[in-house]
Amino acid sequence: MSGARKGVTDARRIVVKVGSSSLTTASGGLDADRVDALVDVLAAARDGGAREVVLVSSGAIAAGLAPLGLTRRPRDLARQQAAASVGQGLLVARYTASFARYGVRVGQVLLTGDDTSRRSHYRNAYRTLDQLLTMGALPVVNENDTVATDEIRFGDNDRLAALVAHLVRADLLVLLSDVDGLYDGDPSLPGSARVEEVRDPSDTAHVKIGSAGKAGVGTGGMVTKVEAAGIAAAAGIPVVLTSAVRAADALAGRATGTYFHATGRRSTDRLLWLQHASTPRGALVLDDGAVRAVVERRTSLLPAGIAAVEGEFTAGDPVELRDTAGRAVARGLVNFDAKEIPLLLGRSTRDLARELGPAYEREVVHADDLVLLAR
């Protein structure tokens, strides 16, 4: 066994993501044989409970197409939500029946970006998933497509899988698709070679990355998988990217697919969710002193440092923090409604408390709810 895959063989808590094209037919509807084949592999990978597996599964919308008489994935959100509503039940029922062959219970967990960037919701999501694993169940996670709106969507389950891996403090992320790894060009063309290892983000600089799969039932493509692998690797989690038919080899640590080495430190910081799973609802423009305080000293944002407010948002929403040139320097969860902030601009918390009451003697964005962005 090569040292490159020791991160696989040593892993005890594993997140596996599978895409729609690996579970369904091109016309929609679940392929029972494909589902059963995946379940066979995951049940074996649990090693009698010695390893824990979380499955992030696409396929709800695709599974709902045929039952609703749709021949292709709809473009409008309302019909996508309707298909997800029908398909999610079919998907979980299929997993429940298939895992029952091995005496493994399945627990459904549906998430939205809004659920996971807010502090209390993040803690609750972790507790639920951790308890399911402690009780021997296998969580099946999906984006809550039936209620998610464009503003709060993860965008693709590859990114969701990376964030779930971080959330549950996984030792490994396995991304399964219909391609057996990352190639330096179109894998269908002669001369394209599989990239066996990625040790640094610069290792993929020469790679021409394609878009959504040929089946046309998913939303992602290789670009979202590479981005997801980068998110997980930066959070200290190694990643294997390969095809669903090679899942057994991937989970056994054999040299299949593309192996992304961990590039960052493992952390329990939920702010990864805020950075990658939230859409700003507005912006706060900071003066130069506030920018230095937030970026260099990592302090909370106080009213005195705010020069302007943009957009409409409510307390608890994610907002961008921008410098006077309009560049985003950070993202955070705001403690006031947009309509309240003009009253606070440039004023000290002491003065605000004296005039408006003790509820105004607090940060506009607390340091614990703030993540810096690359500049």
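What percentage of the 375 residues in the protein do buried residues make up? Buried residues make up 50% of them, where buried means under 20% relative accessible area, exposed means over 50%, and partly exposed lies in between (1.4 Å probe, protein chains only).

This is a predicted model, in which local features need pLDDT of at least 70 and side-chain atom pairs count only at pLDDT 80 or more, while totals for chains, interfaces and linings use all residues. Residues are numbered from 1 along each chain as its sequence is written, and side-chain values use heavy atoms, with hydrogens and water left out.

**The whole chain**

Display the protein as a cartoon to begin. The protein has 12 helices and 13 strands; helices (H or I, at least four residues) and strands (E, at least two) are DSSP runs, numbered from the N terminus. Of the contacts in the protein with a separation of 6 or more, 73% are accounted for by residues 24 or more positions apart; contact means heavy atoms within 4.5 Å.

**Helix H2 and the loops on either side**

Select threonine 24, which is found in the loop between strand S1 (13-18) and helix H2 (32-45). Threonine 24 counts as buried, at 3% relative accessibility.

Proceed to leucine 42, which has its place in helix H2. Leucine 42 is buried, with a relative accessible area of 0%. Which residues does leucine 42 touch, not counting residues up to four places away in sequence? They are Val16, Val53, Leu55, Phe99 and Leu251. Leucine 138 is 96 residues from leucine 42 in sequence, and the C-alpha to C-alpha distance between the two is 9.7 Å.

Next, select aspartate 47, in the loop between H2 and strand S2 (52-57). Aspartate 47 is exposed, with a relative accessible area of 52%. Most residues other than glycine have a negative phi. Aspartate 47, although not a glycine, has a positive phi of about 55°.

The structure holds two aromatic pairs. Rings of Phe, Tyr and Trp (its six-membered ring) pair if their centres lie within 6.5 Å; planes under 30 degrees apart count as stacked, over 60 as edge-to-face and the rest as tilted. Select tyrosine 95 and phenylalanine 99, which form a tilted pair with 6.4 Å from centre to centre and 35° between the planes. Because they are four residues apart in helix H4 (residues 77-100), about one helical turn separates them. Both tyrosine 95 and phenylalanine 99 are buried.

Serine 98 is also found in helix H4. At 0% relative accessibility, serine 98 counts as buried. Not counting residues up to four places away in sequence, serine 98 touches Val35, Asp36 and Val39.

**Helices H7 and H8**

Now colour helix H7 (residues 157-167) and helix H8 (residues 222-234), which pack at an angle of about 10° with their axes 8 Å apart. Axes are lines fitted to C-alpha atoms, for helices over the stretch in contact, and angles run from 0 to 180 degrees between N-to-C directions. H7 is therefore roughly parallel to H8; angles under 35 degrees count as roughly parallel, over 145 as roughly antiparallel, 65 to 115 as roughly perpendicular and the rest as oblique.

Show the side chains where the helices meet: Asp158, Arg159, Ala162 and Leu163 in H7, and Thr224, Lys225, Ala228, Ile231 and Ala232 in H8. In H7, 10 of its 11 residues are buried.

Just after H7, select arginine 169, which takes a positive phi of about 60°. Arginine 169 lies over the face of tyrosine 126, at 4.2 Å from the ring centre. A charge sits over a ring if NZ of Lys or CZ of Arg is within 6 Å of the ring centre and within 35 degrees of the ring normal.

**The other aromatic pair**

Finally, select phenylalanine 336 and tyrosine 360. The pair is stacked, because the ring centres are 5.7 Å apart and the planes are at 20°. Phenylalanine 336 lies in the loop between strand S12 (328-333) and helix H12 (349-356), and tyrosine 360 in the loop between H12 and strand S13 (370-372), so the pair ties together parts that are 24 residues apart in sequence. Phenylalanine 336 is buried, with a relative accessible area of 1%.
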